[in-house]
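My notes follow in the order I took them.

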Amino acid sequence: MKLSTGEGTQPGYPLSNWVAALPGHQLSYKAREGACHAMEDYLLRLEHDSPSLKTHCFRARLETVIRAIDPTKKCLGVQAIPKSHEMTFEQYARQGLERVGMSPSGPLEPASLAQQRRVVVFFSLALLLAPLVETLILLDQMIYLQEQGFPCELVPLFNPALSARNLVLVAAKRVPPSDLWGLAAGD
């Protein structure tokens, strides 16, 4: 998700000439960040009515409060607030705003169950696209290696419920037969 995307001389995405030539290949930070999450993990949270769903709603609501105070502020990266699932939204928002050096401009309305459901629906839809984004990033890396002459393959390493990042890109360095044992030609 923190790949550089063209700024500077060495972008992290796209790496391959093939993907760079695709119209509309650009990926926003939000798209790359979404690709880090696994539908399988979120499904478990939904099935067990995890307290993290409440916290997820609180974080989304806090973003709207931050933008209401200062519309120029986006994605400030409020650090996790311990035991937030045991708090009211007002308690959570006050701590979150304090962490980013802000204070509420007025009263803080409580988060509702309807808002939590909207956050769940939105995040579920985003998770449906996450594998596409992750696949594009991984294919770009694989194609780049192939463009450089390296044989490579994407291999699922473990269950995606453990981590959304369950694929490994395996590449082999091609060694000329004359240098197979580390001997220079003519030795």
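**Entry 1: P107.** I began with P107, which is exposed, with a relative accessible area of 82%. For these notes, buried means under 20% relative accessible area, exposed over 50%, and partly exposed in between, with a 1.4 Å probe and protein chains only. P107 lies in the loop between α5 and α6. I checked its distance to E90: 17 residues apart in sequence, 8.6 Å apart in space, C-alpha to C-alpha.

**Entry 2: ground rules.** The model is predicted, so I noted that local features need pLDDT of at least 70 and side-chain atom pairs count only at pLDDT 80 or more, while totals for chains, interfaces and linings use all residues. Residues are numbered from 1 along each chain as its sequence is written, and side-chain values use heavy atoms, with hydrogens and water left out.

**Entry 3: overall layout.** I counted six helices and two strands in the protein chain. Helices (H or I, at least four residues) and strands (E, at least two) are DSSP runs, numbered from the N terminus. The order from the N terminus is α-α-α-α-α-α-β-β. The chain has 187 residues, and 28% of them count as buried. I then looked at contacts, meaning heavy atoms within 4.5 Å. Among those between residues at least 6 apart in sequence, 57% join residues at least 24 apart.

**Entry 4: helix α4.** Does the length of α4 agree or disagree with what its 18 residues should span? Helix α4 covers residues 52-69, and at 1.5 Å a residue it should span 26 Å; its end C-alpha atoms are 26 Å apart, which agrees. The expected span is 1.5 Å times one less than the number of residues. I listed the buried residues of α4: L53, T55, C57, F58, R61, L62, V65 and I66. Their cover includes α3 (39-47), α5 (89-99) and α6 (113-147).

**Entry 5: what α4 crosses.** The axes of α4 and α6 come within 9 Å and cross at roughly 90°. That makes α4 roughly perpendicular to α6. On the α4 side the contact uses L53, K54, H56, C57, A60 and R61; on the α6 side it uses Q115, Q116, V119, V120 and F123. Axes are lines fitted to C-alpha atoms, for helices over the stretch in contact, with angles from 0 to 180 degrees between N-to-C directions. Angles under 35 degrees count as roughly parallel, over 145 as roughly antiparallel, 65 to 115 as roughly perpendicular and the rest as oblique.

Next came α3. The axes of α3 and α4 come within 9 Å and cross at roughly 110°. So α3 is roughly perpendicular to α4. Y42, R45 and L46 of α3 meet S52, L53 and H56 of α4.

**Entry 6: Q115.** I went back to Q115 in helix α6. Is Q115 buried or exposed? Q115 is buried, with a relative accessible area of 19%. Leaving out residues up to four places away in sequence, Q115 touches C57, R61 and P110.

**Entry 7: nonpolar core.** I defined a core as a set of buried Ala, Val, Leu, Ile, Met, Phe, Trp, Tyr and Cys residues joined through side-chain atoms within 4.5 Å. The largest one has 13 residues, of which L62, V65, I66, F89, Y92, A93 and L97 touch the most other members. Helices α4 and α5 each supply at least two residues of this core. Which residues does L62 touch, not counting those up to four places away in sequence? L62 touches V78, F89, Y92, A93, G96 and L97.

**Entry 8: cysteines.** I looked for disulfides, taken as pairs of cysteine sulfur atoms within 2.5 Å. The count comes to zero. C57 is buried at 3% relative accessible area, and C152 is buried at 16%.

**Entry 9: F150.** F150 sits in the loop between α6 and β1 (152-156). At 31% relative accessibility, F150 counts as partly exposed. F150 and A172 are 22 residues apart in sequence but 6.0 Å apart in space, C-alpha to C-alpha. Beyond its neighbours within four places in sequence, F150 is in contact with L145, A172, K173 and R174.

Entry 10: I found a cis peptide bond joining Y13 and P14, with omega about -10°. P14 lies in the segment before α1 (17-20). Phi of D49 is near 45°, a positive value in a residue other than glycine. D49 lies in the loop between α3 and α4 and is exposed at 59%.
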